[in-house]
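Look at the model below, which is predicted. Follow the charged pairs, then the packing between the helices.

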Amino acid sequence: MPDLSVFKNVESQAAADAYVEEIKASSACSYWLKAALEEALKRDPVDAANDAEALSMILQVRAAANLHEMTRKA
């Protein structure tokens, strides 16, 4: 996964777009993430960010539940 901490200091659309292009070109970025990013960039940025945050929370809950079940079975 590429370093996303750089976004904390991005203050212009041009800088954000340049970093997005860098992420899309990165071999460290998964195919799934690149495809999701491509689709998200076609949407309203606020709506896409809100949906991405919701998706992240859903996947974190699922991953935590999976880990809990795995440790319980061990």
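Glu21 and Lys24 sit 3 residues apart in helix H1, about one turn of the helix. Their side chains form a salt bridge, with N and O 3.1 Å apart. Glu21 is partly exposed, because its relative accessibility is 44%, between the 20% and 50% cut-offs. Lys24 is also partly exposed, at 21%.

Glu38 counts as partly exposed, at 34% relative accessibility.

Elsewhere, Glu39 pairs with Lys42 in a salt bridge, the closest N and O atoms being 2.9 Å apart. Glu39 is partly exposed at 46%, whereas Lys42 is exposed at 60%. Shared partners join Glu21, Lys24 and Glu38 into one salt-bridge network. The whole structure holds 4 salt bridges.

The axes of H1 (residues 13-25) and H2 (residues 31-40) come within 9 Å and cross at roughly 145°. The crossing is left-handed. From H1, Val20, Ile23, Lys24 and Ala25 meet Lys34, Leu37 and Glu38 of H2. These contact residues comprise 4 nonpolar, no polar and 3 charged.

What makes up the largest nonpolar core? Its 5 residues are Tyr19, Val20, Ile23, Cys29 and Leu37. Helix H1 gives the most, with 3 residues. Beyond its neighbours within four places in sequence, Leu37 is in contact with Val20, Ile23 and Lys24.

Conventions. Residues numbered from 1 in each chain as written. Predicted model: local features only at pLDDT ≥ 70, side-chain atom pairs only at ≥ 80, totals over all residues. Heavy atoms only, no water. Core = buried A, V, L, I, M, F, W, Y, C linked by side-chain atoms within 4.5 Å. Buried < 20%, exposed > 50% of the residue type's maximum accessible area, 1.4 Å probe, protein only. Helix = DSSP H or I, 4+ residues; strand = E, 2+ residues; numbered from the N terminus. Contact = heavy atoms within 4.5 Å. Axes fitted to C-alpha atoms, helices over the stretch in contact; angles between N-to-C directions. Left-handed = near helix turned anticlockwise from the far one by under 90°. Nonpolar A, V, L, I, M, F, W, Y, C, P; charged D, E, K, R; others polar.
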